[in-house]
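I kept short notes as I went.

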Amino acid sequence: MPKKIWNWFVLASGNVWVIRTFVLFWSLIVLLPLMLLLIFSFFETKSFVTIYKPSLNTWVSLFDSGRFEVALRTLRVALTITMIELLIAFPFALWLAKGCKSRTAKAIFLALLTIPFFLDISSRTIVWRAILGQNGLINTVLLETGLISKPVEWLLYSEFSVHFGMIAPHFPTMVLPIYLAISLIDDDLIKASEDLGASPLQTLSRVIIPLSMPGVLAGTVFTLGPALAAWIEPGMLGGGFVNLLSHSIESAYTALRYPVVAALSAFTIVVLALLLSAVLVLTRRTASMEGLFRRMHQ
Amino acid sequence: MEDYSDIKTQFDLSRRDLLKGMATATAVGALTAAGGASLAQASGKPVRAYGVTTAQLKDWGIMKKSLGVDMEFIGTDNSVGVFLRDVVASKLGDEVDIFIFESGTEDILGPKGIYAKIDEKHPELTLWDRTADDWKRSAVVTSKDGGQYGVPVIGNADSFGYFPEKLGVSKDGQDDVSWAMFFESDVTRGRVAYDQTWTYSLPVAALFLKHHGRVKINNVVDMTKEEASKVVDYLIERKKAGQFRTLHSAFEEQIQLLSNREIDVINCWEPATKEANKALGDNTVFYAYTEEGYFKWGHGAYVASQATSRDNLDNVYKVLNYFLGGEYRAHQARDRGYAGPNLDLGVKYAKENGWSKADIDSLTANQAKIDRKFAKPFVSTTTPENSSVMEDEWQRFLNA
């Protein structure tokens with residue numbers, strides 16, 4: 001970005017009217033719809049008709065129907081996936097950013113990571129049904145080799161298969177921000193750590209991890225959000241036994257139950273906001289979202 | 001119902017155009033892309049329809065050749081929520097002449113004036129009088145207050161597909177198989193696929209329990225909270241007993257589950273069994289005749305009230321009449337296995353147009369099948385009055 005334009009942005013960002021205009025704009029497009037969502041959750045639907053009379057009936061029905069558990073289950077699955085992705089993505093990103101010396105190999109791996117963005121997720125997911133099913137590839141091999149006497153049922157239509165199916169599609173959103181953050185760590189800092197006698201583990205824990213935290217934070221946000229909204233994998237691999245938020249909302253929608261949809265969404269947004277706030281508080285000393293962008297600019 | 005005294009419904013909202021947006025843009029965009037000028041022009045214009053894709057001919061050119069009227073069809077899925085949103089909130093009747101959907105919407109949209117009443121004496125509706133009351137006066141096309149808001153298009157009696165050798169029933173598919181085989185037989189435990197759409201699956205469970213006197217239910221398609229709760233308690237018990245292998249949700253999934261032999265029995269659409277037999281061989285999978293009854297559904301064609309003041313109403317009624325005629329009936333029965341009114345005209349059409357003996361026999365067999373199945377309950381609806389409590393109870397089953 002040309003320096004002149006950048007300077008103008010810096011100057012403008014300190015102007016009180018610019019800030020006020022931005023806050024007003026932000027409130028209108030983000031906060032106002034969220035407020036409306038919350039308000040709508042206090043109405044109810046009868047015979048496909050929304051009754052605009054405030055009550056707690058919709059919220060009460062969330063508990064009666066088990067939808068509250070759906071929201072919690074969705075959070076649990078999404079958090080588990082995010083943790084799994086983090087555990088796999090961090091070492092991979094570290095190797096790709098600092099360990100992989102071949103530019104060609106690095107380019108190939110980065111290209112491979114973008115492939116999921118170009119392929120239809122349904123097509124990629126449905127393949128697993130033919131592999132994990134009772135008559136699928138894995139069970140057939142296990143049966144033929146005599147390792148099992150009857151098909152393993154939990155391979156498909158279970159929480160296991162849903163988690164399994166979600167790992168690959170959500171990997172790029174975790175690994176790419178971490179890769180970016182680690183790439184920006186100056187090699188001299190790592191070298192200095194070694195020169196001062198730090199062990200590889202100490203360099204990792206005291207230099208690399210703290211400096212990569214903006215990437216970890218960004219990856220967590222970019223992965224957790226889509227995981228909460230997962231629809232294809234639970235639908236295709238859960239067999240109806242892993243009822244998550246997206247399907248619960250869809251079911252409510254078939255009866256035009258907009259207040260239920262609003263209540264479920266509001267509940268999830270509140271929990272997510274609390275969760276992210278907790279993460280930000282816990283990592284406030286080492287990471288911030290703007291930190292990543294600030295360092296990119298440097 | 002005192003709550004209704006001070007409410008603003010979605011219909012009121014629609015009048016203020018609050019929800020007019022994406023659906024209109026999408027549907028109208030699609031219509032424009034389909035070609036054709038504004039409807040508010042001279043007669044001889046195409047008829048525009050919006051509805052479920054299963055009502056479509058594979059090639060509307062056949063109809064144009066017969067009637068001289070072109071059809072511009074915009075498809076939608078089976079979601080009544082999406083359909084009502086498009087028709088009501090987006091005022092799709094401004095652009096579309098005919099709506100085609102499963103039974104139930106006429107109960108809401110007819111009395112609201114969004115569907116026009118059918119003019120039974122319209123000169124183009126020549127086949128109306130010969131159409132059996134079983135079809136033309138059915139709940140699919142009449143509202144609860146008796147208004148005639150639609151013309152019957154297609155229908156079927158849904159049950160379940162099964163592999164006869166797995167269930168130990170006759171291999172010609174002619175046995176009446178009880179829904180007990182589906183819900184609670186040890187023979188099928190862990191090998192049952194159950195559709196996870198509540199409007200489709202909850203009533204058949206209720207029918208089974210009601211038929212055998214295990215739960216008192218007034219109307220299986222529109223259950224009270226207490227009734228639905230008892231049915232769901234039973235289903236939860238069966239779910240925990242491991243009766244269901246999977247809860248499926250799409251037509252393609254039905255075909256795959258049968259074709260892969262992942263399950264032995266599945267409540268599904270009849271065409272799924274036909275598709276599976278293409279992969280597995282004829283008469284491998286049968287679509288059940290049942291002891292207790294069926295999910296009998298029908299599609300009606302409903303005229304948008306705005307269409308009555310446009311100048312292509314004659315063409316609209318020509319198309320409505322076409323739905324009652326032999327050509328449409330024969331093609332729908334052969335291509336999809338669906339029935340409808342005046343199937344005898346379908347057989348006549350097939351004979352006059354040199355169809356093969358196998359195709360003609362198939363049409364006759366289709367008639368016999370429908371006669372046998374339609375003798376038993378129950379007629380489905382997409383818009384039960386107790387939809388909210390039924391949907392809530394179904395969630396309880398899904399979450400158990």
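My notes go from the ground rules to the interface, then to one helix, and end with chain B.

**Ground rules.** I am reading a predicted model, where local features need pLDDT of at least 70, side-chain atom pairs count only at pLDDT 80 or more, and totals for chains, interfaces and linings use all residues. Residues are numbered from 1 along each chain as its sequence is written, while chains are lettered from A and ligands numbered from 1 in the order in which they are written.

**Interface.** I looked up where the chains meet, taking two residues as in contact if their C-beta atoms, placed from the backbone, lie within 7 Å. I found 34 residues of chain A in contact with 32 residues of chain B. Helices (H or I, at least four residues) and strands (E, at least two) are DSSP runs, numbered from the N terminus. On the side of chain A that touches chain B, β1 (44–46), β2 (49–51), α3 (57–64), α4 (67–99) and α12 (245–254) of chain A each supply at least two residues. α12(A) gives the most, with five residues.

**α12(A).** I call a residue buried if 20 or more other C-beta atoms lie within 10 Å of its own, all placed from the backbone. Buried residues in α12(A) include Leu245(A), His247(A) and Ile249(A). What covers the buried residues of α12(A)? I noted α4, α10 (200–228), α11 (232–237) and α13 (258–282) of chain A, together with α9 (198–211) and α17 (387–399) of chain B, among the covering elements. After α12(A) comes Leu256(A), with a positive phi near 50°.

**Chain B.** I listed 17 helices and 12 strands in chain B. Of its 400 residues, 50% are buried.

Notes
A residue is buried if 20 or more other C-beta atoms lie within 10 Å of its own, exposed if 12 or fewer, and partly exposed in between; C-beta atoms are placed from the backbone.
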